Amino acid sequence: MTWAPFTWVGGVLHAEGVSLEQLAEDVGTPVYVYSTEMIRRQAARLRETLASVPHRIHYACKANGSLAVLSLLRSVGVRVDVVSGGELYRARQAGFTPDEIIFGGVGKSAEELGDALDAGVSLISVESLEEVELISRLAAARNVVARIGIRVNPEVSVESFHEYIKTGEKGDKFGVPYDQAEKVGLRAHALPHVRLCAIGMHIGSQLSQLAPYGHGLERLEALIASLRAGGVDTLTHVDIGGGLYVPYNGEAPADLSAYADTVLPVAKRLGLELIVEPGRFLVAEAGLLLGRVLYRKHAGGRDILVTDTGMTELLRPSHYDAYHRIASVRDGRPQGRFDVVGPICESGDFLALDREMDDASPGDLIAVFTAGAYGNAMASNYNARQRPAEVLVDGSRWAVVTRRESYAELVQREVSTPDWRASA
Ligand SMILES: *Cc1c(COP(=O)(O)O)cnc(C)c1O
């Protein structure tokens, strides 16, 4: 791929046609910057990959739920996958219609499930027998038939760089354990207010190998065969989840043709419409986090760059040991070796440790790449930090699509004087 969302033009890093130096002047730092073209391209690549079978792409909006990003994805024909009442609300605010929404998640409350039924979402992805029975009662009370899918844990072993992003191994909290899935499916089929439409899996994130998809799909195929043999004649979809790999440090990108070879024959054999739920793949490379170096220290033999951004804006390095490439917005810097840390009062507040990278001095802007997924979505107010602004770039134009949080917003839900009530 020759086109890139972020390139140096005249010595200054640009997002598409917009100078990040100029943007930092206008909007301040830290700020998230997203390339619309990169998001469109990723969606188009995935659509081409799946073109030979009936399919639906449901974006896992936990990766980046900004309204402008959601609305952009919707405009290119992508649907959405939500995992909470809050995400359902976000998706609706961004313009998704209920028939474009899948509602999943391991711990949905009765209230959230009721909201999903009231909205009329296209599918509720369930993860236990108890949840099926709860949905059945809620649907009966509303006199509707709930369309559900069962998320199965296919119990395959998964290669991923961190334990926290594996979700399809034996004993994981996610999905219906494989050996219970047939029973749950038959039970769902017997309930009058539930229609079993889909069988699915999501085995983890950032999967560098395709074999686990293949093994998981084999198990789904066997399960679907036994459900059909048991009289289940309502299945319309097979859902293979997300997990597509994204390079963070110049690795080879996901092999989409090998992905197609693994997945498409199964969908064809089953005669079911394919659902995929990519999160990271659609948005990660489209985003960067722009920050500024505040101080430079030398301590214990290390050179430390203290910046105005850290774990409150980008948790992945400290939470998952994740690697994010960092560069100076100004080209042609000599190389050095640095710890890049944030201003938060935690030793775990870093963006990179012992990193060979561009030399930088106080006042310099730095770009933290591949931050479009699980970046701002995981941002917090720890240390009473204001959550950052988000900017969308489209060619030579740009727009603030999320303004920086204000100090007043930090305290607006709170009172300093308790409004005491007597306990009963
Ligand atoms: C997180 C998640 C996804 C998306 O995962 P990515 O690795 O970002 O593609 C898809 N489906 C479910 C159920 C998820 O929880």
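Reader: Where does Tyr259 sit?

Author: Tyr259 belongs to helix H9, which covers residues 256-270. Keep in mind that this is a predicted model.

Reader: Buried or exposed, that Tyr259?

Author: Tyr259 counts as buried, because its relative accessibility is 1% and the cut-off for buried is under 20%.

Reader: What is Tyr259 in contact with, leaving aside its neighbours within four places in sequence?

Author: The contacts of Tyr259 beyond those neighbours are Leu46, Thr49, Leu50, Leu210, Tyr213, Ile240, Leu244 and Val276.

Reader: And how far apart are Tyr259 and Gln209 in space?

Author: Their C-alpha atoms are 9.6 Å apart, while in sequence Tyr259 and Gln209 are separated by 50 residues.

Reader: Changing topic. Which residues surround the ligand?

Author: Ala60, Lys62, Arg151, His202, Ser205, Gly242, Gly243, Glu277, Pro278, Gly279, Arg280 and Tyr374 surround the ligand. By class, the shell has three nonpolar, five polar and four charged residues.

Reader: How many Å from an oxygen atom of the ligand is the polar side-chain atom of Ser205?

Author: That distance is 2.3 Å for Ser205. Backbone atoms take part as well: a polar one of Gly279 is 2.9 Å from an oxygen atom of the ligand, and a polar one of Arg280 is 2.8 Å from an oxygen atom of the ligand.

Reader: How much of the ligand does the protein bury?

Author: The protein buries 91% of the 380 Å² that the ligand exposes when taken alone.

Reader: OK, the backbone. Which residues does a cis peptide bond join?

Author: Thr29 and Pro30 are joined by a cis peptide bond, with omega about -5 degrees. Pro30 is in the loop between helix H1 (20-27) and strand S4 (31-35). Most peptide bonds are trans.

Reader: What is the phi of Gln206?

Author: Gln206 has a positive phi of about 55 degrees, though it is not a glycine. Most residues other than glycine have a negative phi. Gln206 lies in the loop between strand S11 (194-200) and helix H8 (211-229), and Gln206 counts as buried at 5% relative accessibility.

Reader: And what about the phi of Thr370?

Author: Thr370 also isn't a glycine, and its phi is positive, near 55 degrees. Thr370 is in the loop between strand S19 (365-368) and strand S20 (389-394). Thr370 is buried, with a relative accessible area of 8%.

Reader: Last one: which domains is the protein divided into?

Author: Domain 1 is 6-34 + 284-410, and domain 2 is 97-278. The centres of domain 1 and domain 2, taken over C-alpha atoms, are 35 Å apart.

How values were computed. Residues are numbered from 1 along each chain as its sequence is written. This is a predicted model: local features need pLDDT of at least 70, side-chain atom pairs count only at pLDDT 80 or more; totals for chains, interfaces and linings use all residues. Side-chain values use heavy atoms; hydrogens and water are left out. A residue is near a molecule or strand if one of its heavy atoms lies within 4 Å of it. A polar contact is a pair of N or O atoms within 3.5 Å; within protein, one must be able to donate a hydrogen and the other to accept it, and residues adjacent in sequence count only if both atoms are side-chain atoms. Accessible areas come from the Shrake-Rupley method with a 1.4 Å probe; for residues, only the protein chains shown count as cover. Ala, Val, Leu, Ile, Met, Phe, Trp, Tyr, Cys and Pro count as nonpolar, Asp, Glu, Lys and Arg as charged, and the others, Gly among them, as polar. Helices (H or I, at least four residues) and strands (E, at least two) are DSSP runs, numbered from the N terminus. Buried means under 20% relative accessible area, exposed over 50%, partly exposed in between (1.4 Å probe, protein chains only). Contact means heavy atoms within 4.5 Å. Domain bounds come from an automatic or database domain assignment.
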